[in-house]
Amino acid sequence: MSMDLNDYTIIKEGEAEILMHAKNQVFYNKTQVNNRDMSVAVLRTFISRRKQEHEASLSKRNKSAPKVPENNGSLSDVEDKPNESDMNIEKSNEECEGPEEKSQEEPCTKSEEPVKTEGKVRGELKPPRVLEALSASGLRALRYAREVEGIGQVVALDNDKGAVEACQRNIKFNGSVACSKVESHLADARVYMLTHPKEFDVVDLDPYGSPSVFLDSAVQSVVDGGMLMCTATDMAVLCGGNGEVCYSKYGSYPLRGKYCHEMALRILLSCIESHANRYKRYIVPVLSVQMDFYVRVFVRIYSSASAMKNTPLKLSYVYQCTGCDSFHLQPIGRTVSKNTSVRYLPGFAPVVPQECSDCGKKFNMGGPIWSAPIHDQEWVSAILADVKSMKDRYPAYDRISAVLTTISEELPDVPLFLSLHNLCATLKCTSPSAVIFRSAVINAGYRISGTHVNPLGLKSDAPMDVIWDIMRCWVKNHPVKAQPADQPGSVILAKEPVLQANFARAVASLSKAQAKKVARFLPNPERHWGPKLRAGRQITSKHISLLGEEAVNGCLNNQDCERDAKRQKTEDATTTS
């Protein structure tokens, strides 16, 4: 099929290059370079960790394997009596990952198939297979193939014929490495993943909108110990703009608080865990990020019927006061241990009275959300070190290193966060500096950190009554105008503080990055840095807010020229006939 190169623009990102048609035929968004860079960094760390875990597993097996007797015919005797080590070899990839409780029902995966040589068992670790379920132009798959060392086959899927043709064209355009590693298929991602259970070490979901319809098949397609990368761009739904829609898609009800973007991350994790549990599987988050206009989570998936029972311990409902910023978490489950046995029981409730103990208003209830840690700090440190060691290979190095630096300093075991400005808005008082407020919390004996989601957000394990006591002490030193007695702020300030806050500057009031003045929240590199128009839709004047006036006017002028050319051609044909 002939093609005019004048109709295409070459776009280079990382080491991959793609041909993009002048018309909006196949979806491409420059903004997602942050997403793709982060994914490449996580994938590099995953391959490195996977190799280490495999070597540790082999070493453990070799130590536990019995020595082969030197008598004649001893090999047959050993093979006739399989030992525990041999039985373990039949387990799947998850053996490499280290959780103590494993499922013995899963078959051995392709990448972990053992090879028997001269009576010894040697596990062969094959390169990881990657599935990009919604590939569009194939840029992400091409970057994986060309930039990530040690990667195996990359399968790129799309349900649109034009997208698959574009992907195949881009594979050829990127040379022999891409041709040998990347393959493109026209298929429904849901059907393909269902018909290829436990075949892929990494599954990448980056849909235009919600990933909810793909999650059930995705959790089945990942091998034990493999990784699922998932993006959700329907932030209006996840952040509480349409709570009923969020509940229908994700099984959780969102709340509209300052922490709504972190709650969106935790709702997505809760939904993935719910789908995994149906197949005796569970997830372990290694990194969860909110950037630009989307959330992105990286989770490992394991199979274990016994470990799956811990899911209720990782989920909680959220009670948010309608008058002040107080919020409380209600765990769904709890455990009671007696000797060596563990009983799983419903969580104690309620954690809050009918009315807020701080301001007297009612509560809204949301959730359930994932209340366990959403990052693995060892992984975060390893990813950040890898990114810094090869900064030239990441087009969005500044942005992703800033996000990873902030995540590395978050409190991992504190769900959601407070907004200092919101606390002050409730009390109608001037705001203390973040350093002063952090110092008061630290001096009271609690921990506090920032959050990558919001530059003004503060994570702390201090209970809400301590937070309000600190604010009461602050207002005593910085009086406010009298407010109506029924206002939440007036009710809070009417109570005497139990805790006497100490605002002396604490040593740990600044994080290491803040002390070194490392940039953590960067501005967008250009205007209109956000979501783009879905592929195939005609660009009109109403899309100026998405694409910018110059881009829209250019497209409209091209459309007018094409329309005039077609009209002229039709008129010429009519005149000739």
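Ser212, Phe214, Leu215, Ser217, Ala218, Val219, Gln220 and Ser221 are the buried residues of helix α8 in this predicted model. They make up eight of the ten residues of α8 (residues 212–221), so the helix is largely enclosed by the rest of the structure. Average pLDDT for the chain is 85.

**Nonpolar cores**
- The largest nonpolar core holds 80 residues.
- Leu205, Leu228, Ile272 and Phe437 touch the most other members of this core.
- Helix α11 (residues 260–277) supplies the largest share of the core, with ten residues.
- A second core is separate and has 46 residues. Ile18, Val130, Val182 and Tyr294 are among them.

**Around Phe437**
- Leaving aside residues up to four places away in sequence, Phe437 touches Leu420, Leu423, Pro432 and Ile448, among others.
- Its partners also include Leu458, Ile467, Ile470 and Met471.

**A surface patch**
- A nonpolar patch on the surface is formed by Leu313, Val342 and Tyr344.
- Together these residues have about 240 Å² of accessible area.
- Tyr344 sits in strand β15 (residues 341–346).
- Tyr344 counts as partly exposed because its relative accessibility is 36%, which falls between the 20% and 50% cut-offs.

**Confidence**
- A pLDDT of at least 70 is reached by 80% of the residues.
- Over residues 70–121, pLDDT stays under 50.
- The model has 88 contacts beyond four places in sequence for residues 70–121.
- Where pLDDT is low, predicted coordinates should not be read in detail.

Definitions and conventions: Residues numbered from 1 in each chain as written. Predicted model: local features only at pLDDT ≥ 70, side-chain atom pairs only at ≥ 80, totals over all residues. Heavy atoms only, no water. Core = buried A, V, L, I, M, F, W, Y, C linked by side-chain atoms within 4.5 Å. Buried < 20%, exposed > 50% of the residue type's maximum accessible area, 1.4 Å probe, protein only. Helix = DSSP H or I, 4+ residues; strand = E, 2+ residues; numbered from the N terminus. Contact = heavy atoms within 4.5 Å. pLDDT = per-residue confidence, 0-100. Patch = residues over 30% accessible without salt bridge, like charges linked within 9 Å, V, L, I, M, F, W, Y side chains within 5 Å. Areas by Shrake-Rupley, 256 points an atom, 1.4 Å probe, with all protein chains shown as cover. Salt bridge = Lys/Arg side-chain N within 4 Å of Asp/Glu carboxyl O.
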